[in-house]
Structures are given as structure tokens and as C-alpha cells.
Amino acid sequence: MHTIVFPSFYQIFDFIGTLAFAISGARLAAGKDFDWFGAYVVGLTTAIGGGTMRDVLLGVTPFWMTNPIYLICSAIALIWIIIFKSRVTRQDHTWFLFDAIGLAVFTVTGIDKTLHLNFPIWVAIFMGTLTGAAGGVFRDVLINEIPLIFRKDIYATACVAGGLIFYLCMQLALPAEVTAIISGVSVFVIRLLAVRFHIHLPLVHLDKP
Amino acid sequence: MHTIVFPSFYQIFDFIGTLAFAISGARLAAGKDFDWFGAYVVGLTTAIGGGTMRDVLLGVTPFWMTNPIYLICSAIALIWIIIFKSRVTRQDHTWFLFDAIGLAVFTVTGIDKTLHLNFPIWVAIFMGTLTGAAGGVFRDVLINEIPLIFRKDIYATACVAGGLIFYLCMQLALPAEVTAIISGVSVFVIRLLAVRFHIHLPLVHLDKP
Amino acid sequence: MHTIVFPSFYQIFDFIGTLAFAISGARLAAGKDFDWFGAYVVGLTTAIGGGTMRDVLLGVTPFWMTNPIYLICSAIALIWIIIFKSRVTRQDHTWFLFDAIGLAVFTVTGIDKTLHLNFPIWVAIFMGTLTGAAGGVFRDVLINEIPLIFRKDIYATACVAGGLIFYLCMQLALPAEVTAIISGVSVFVIRLLAVRFHIHLPLVHLDKP
């Protein structure tokens, strides 16, 4: 997940996102009485699952295999959960914001990496959404629950919208840094507004005959 | 999923199969109160999941990343479900036939692609079965149900049988087109006969001691 | 999974491990009334799932695609279950030992293969653990249960410990064969001691506020 665009800022946000995703996984694992190892795996899967699937589909070495920071960051999340226990609940608002930051950063990273590998923009938007949202799906499969993002809130949809805005900025020939920032901020803001104003996608249901 | 063997017919059947698989995913998602996004993802996973796993194992770029038709086709399936709702149930017979067409086409595609990459025939039969049947397994994992094909009906077994017939035709040195057609029709007919005459595989059970 | 280190012994242990893993998958599938095909797939996934994920992440052709022995071995496991039915339960102690042998052999294989591909030791330990323990996680996802190894016993943790011992032996510049044997025996012994003395990892739980 190296980028030449905005090294230091990017790395901080990437770390915050990884931490928030791992915390969300470890918390749900705790709710299912997992042991430390199980909670670590679920946290790690939430944090790196989307990017790993992206890299496997793109045919490149998964990003976390070249830098141990992602495994370490997931360990920090586990320790945090073990130390703070239920008090983590009181930090809910902060973790929600950090999770939204992660969603934004991961989406832009996924789009950027895919375009650099010369895939078309629609593959890039797909991969951006996968990077942001698939980790949460793997998390829910591991704890044997129906994936939350398929039923509740605007989550992956914010990634798709951010991807379309990325494409728009490209069409306007904006510089790469500006495009990345506008797209990422869009994902973040859409996610926040959707939760604040309880905006959902319609459900699909087959009226009983 | 390009083939030079029978371009136009093949593409129509491939499209019908993709549509049928995506419909089956989106319908089951609807039964679990998924939103539009969730239903789309489950439909798409059902349609492209098997072929994607095949391509990842074979080490080639997943087929749908070079042609947006598969993502579009899954969107059409979702729109169909949203518009027709429970009336889709009245189209059950048609969708069952289309699903069997998909099973047949995907199996032959998987075998063909694997052989062209110079893997042995037993890997090709494995990959053909994976292409035809794995999407349904991923679908059931995503909606948190025990995979249907592990407990009911002849489904993946029809793919294996079609693969063995493919091998037999190769031994008889039949032309590639004829081999593909005989193998595909076998999968289709075995699937239909199995459902028509309620043919099942035996269950494995451990008698309680 | 070829190795020049200790060909014949290694192959025997590799076969025993594959058999034990496939038996564990097929037994759990039997408990869920799967048919022969379903039980075969669950057994196969348990046996080759971890190594397959390792090879996909490492970007090499999955090991079982170059040698049909693993598919055959899983078929033998299924036939065993079908013939012996509930009497398999009386063989519990043997299968437990064989499973621990598999855990040890698969861990060392995973570490060895990863190092030969020039990845750093921490990636190798990760891949060793994945090779040993991930198959059981895929098994539990397929039968729609919460992965057992996230909540019970020392299992994957034994792989991690064996990996650290592997690293220690490397630092001591021990010969490759000795390193592999010490590391594998460690995994085996840790697994046995943990079960014998009911040693568990602490659970993560969020005290209700």
C-alpha cells in the first residue's frame, strides 16, 4: 500500500483504518466468546481481507506480505480490546469515525493500485469497493453471521459512489493528489451522512404470493 | 470465457447461465431481507464465484475482469427480481432450465480453459465442476446457510459426469466442438433426469453408537 | 509438497495428515446429513484448504494440482467413513494423533515452502500456521458452524510456537533436516500436552457495562 501521492498523511490514515477495522473484528469475536487467537484472526481478517482479495484477483503479492505493520496493528487492536474491555463501547463514536476513515482510505488505495496495473476504471471501482468493504464480509462469515453490510446502512455503496467521483475527477484531468483526496472525502462524508440521517438502500423482498 | 469453438451460440448460453445463477442468488438474498446492494453481491457471487476461484487457482486473470458483461448481467438479474417480485416464482420452471444450461456451459468452459493451460484432465474435470457448482456454495455461505448442493439433488455430480464424458470423447478423438456439445448436453440431461426422477446420492451418516 | 529433506518419512506423514484432516471433515459433514459428494468436498477442503490458500497467497500453483494423491486420499477418507460409520468414534484416539501429525507436518511444509520462495521468516510462520490450521476453518464455514479453533484448545497456537522454534533453530544454524524435525515435533508435543492438560488461551470478553 505504498503511494507516492501523500506519504505521511496517507500512512497515518491507513494505520487508523487498519486499527479501526481490526477493533471491529475483535469486538464481534469477543461477543462470541472467541479466545485471543480467534479474536486476533477475526480482527486481522477484517483489516486485511478486502485488500488481500483485491491483490489475489489482481495477481500481485498481497500488500501485508511485504510489511509486518498490518499484523502488528491487528495485535495492537487485540491488546486494546483485552485491556479496555467493555469501556471500548464508550469509545464508540471515535471508532465509528476511524472506521469511516479506513473505508475512505482503503477505497482510494484499491482504485489507485488497480489503475496503476492498467485495468480499466470499472475494475478499479470494483476493487476499491472490495478493498473497503469485503473485510467486513469475511469477518461476518467467520463469526457465522449474515454479513451486516448486505442488510444495513450505506457502507459499500459509499465506496461505489467515491469510485464514481474518482472517475469524474479523472475526466476533469485533476491532479492525482486532488482526485484521491476528493474521492476519499466523498466516501467519508457519504458514510457519515447516511448514518446520521438513517439513509438506507431499499430492501429486496418477494411479496408472498 | 472467450472460445473460438462456437462463438455466438456459446455466448448466448453463457449469458443465460449467468443470468440464471444471478437470479438464484438474488432470490435467496431477498428471502433474507437483503438490501439491493446485498442482493446484487450475492447474485454476482453465485454467477462468477466458481469461475473466479478456477481462474485464481489456475493463476490467470479472472474472466470477468476483461469484460463488464458479467457485472451488467448480474445487475439485470437484480432489476428483474425487483420488478417481478414474487411473480418470479411462477417462472420457476424456466429459471430451473436456464440454471441447468448455466451448469452445463460453465462446466465445459472450465474444462476447456484448464486443458488449454496444459493441466492434466483430472485437474480439468475438477475445475469444470468448480466453475459449475462453486458459485452456489459461496452464495449459501454468504446467506449463512448450509450449502444446498451438499445435501440435495444431483448437481455437482452432473458436472463430474459431464467431465468424464468429455474425457471419453477426447479418447475417441472426436472434434473439439462435438466433445464440448456432447459433454455439455450430458450435464444438462443428467441434471434434468435427476430432478425429474428424484435421484439423490446416498447420505453419509454415522449411526449413533 | 515435494521436499528433498526426508522424502519417504515425510511422504508417509504427509499422507497420514491428509487422511486425518479429510476424516475430520467428512465426519462433521456426516453429522449434518451431507451426501457423499458434500462429505467428500468438506473432507477435501479440510485437507487441502490451508495449503491451497498458502499457495494462492504466495502466487504459486496449488500443490494438489500437480499430484492427484491428495484428491485420492480424501476419497479414501470418505470410503473409510462410509464403511466404518459410527465405529470411527472408537478410533478417536488414533485419529487425534494422526491429526496432530498432520498439523505438525503441514506447518513445517508451509514454513519451508515460504522460505524457499525468499519471503521473510514472519511471513513463513504465518504461512505455516495457515497451512496447518486454515483447512479446519474452511471446514467449519462450509458446515455453517463457528470455527472450532477460535474458541477451543491450543491448535493454531501450536503452529505459531513451532514456527518460532523453527526460527530459533535457524538462528542456531542447525541443519535443515534437524530444524524441520525439531519444529514439527514441537508442534506435535505442544498440541498433545495442551489437550492432555486442558490448556486453553484466555477468552476475550467484553464485560457487560
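Predicted model: local features only at pLDDT ≥ 70, side-chain atom pairs only at ≥ 80, totals over all residues.
Visitor: What rotation superposes chain C on chain A?

Guide: For chain C, too, the rotation onto chain A is 120 degrees, with 0.0 Å of shift along the axis and an RMSD of 0.0 Å. Here again the copies use different surfaces: of the contact residues of chain C, 10% recur in chain A.

Visitor: How many residues of chain B are in contact with chain A, and what area is buried between them?

Guide: One may begin with the residues on each side and then turn to the area. Chain B contributes 32 residues, which are in contact with 29 residues of chain A. The buried area between these chains is about 2700 Å², and carbon and sulfur atoms give 75% of it. In chain B, the residues that lose the most area to chain A are D35(B), F37(B) and M65(B), together 24% of what that side buries.

Visitor: How many salt bridges and how many polar contacts are counted between chain B and chain A?

Guide: Charged pairs and polar pairs are counted separately. Between chain B and chain A there are zero salt bridges, while five residue pairs are in polar contact, both residues being at pLDDT 80 or more.

Visitor: Which helices of chain B supply the side that touches chain A?

Guide: At least two residues each come from α1 (7-30), α2 (36-58), α3 (69-84) and α5 (121-142) of chain B. The most is given by α2(B), with nine residues. Sorted by class, this side of chain B has 20 nonpolar, seven polar and five charged residues.

Visitor: Which residues supply the area that chain C buries against chain A?

Guide: The contact as a whole comes before its parts. It takes 29 residues from chain C and 32 residues from chain A, and the buried area is about 2700 Å², 75% of it from carbon and sulfur atoms. W122(C), F150(C) and V204(C) supply 29% of the area that chain C buries against chain A, more than any other three residues. The count of salt bridges between these chains is zero, and five residue pairs are in polar contact. Helices α2 (36-58), α5 (121-142) and α6 (156-171) of chain C each supply at least two residues of this side. The largest share, six residues, comes from α5(C). By class, the side of chain C has 21 nonpolar, three polar and five charged residues.

Visitor: Is T18(C) buried or exposed?

Guide: A residue is called buried when its relative accessible area is under 20%. T18(C) has 2% relative accessibility and therefore counts as buried. T18(C) lies in helix α1 of chain C, residues 7-30. Apart from residues up to four places away in sequence, T18(C) touches A47(C), Y70(C), C73(C) and F106(C).

Visitor: Where does T46(A) lie, and which residues does T46(A) contact?

Guide: T46(A) lies in helix α2 of chain A, residues 36-58. With a relative accessible area of 2%, T46(A) is also buried. Neighbours within four places in sequence aside, T46(A) is in contact with F21(A), S24(A), G25(A), G135(A), G136(A) and R139(A).

Notes: Residues numbered from 1 in each chain as written. Chains lettered and ligands numbered in written order. Heavy atoms only, no water. Helix = DSSP H or I, 4+ residues; strand = E, 2+ residues; numbered from the N terminus. Buried < 20%, exposed > 50% of the residue type's maximum accessible area, 1.4 Å probe, protein only. Contact = heavy atoms within 4.5 Å. Buried area = accessible area lost by both parts, 1.4 Å probe. Salt bridge = Lys/Arg side-chain N within 4 Å of Asp/Glu carboxyl O. Polar contact = N/O pair within 3.5 Å; in protein donor to acceptor, adjacent residues only side chain to side chain. Nonpolar A, V, L, I, M, F, W, Y, C, P; charged D, E, K, R; others polar. Least-squares fit on C-alpha atoms with pLDDT ≥ 70 in both.
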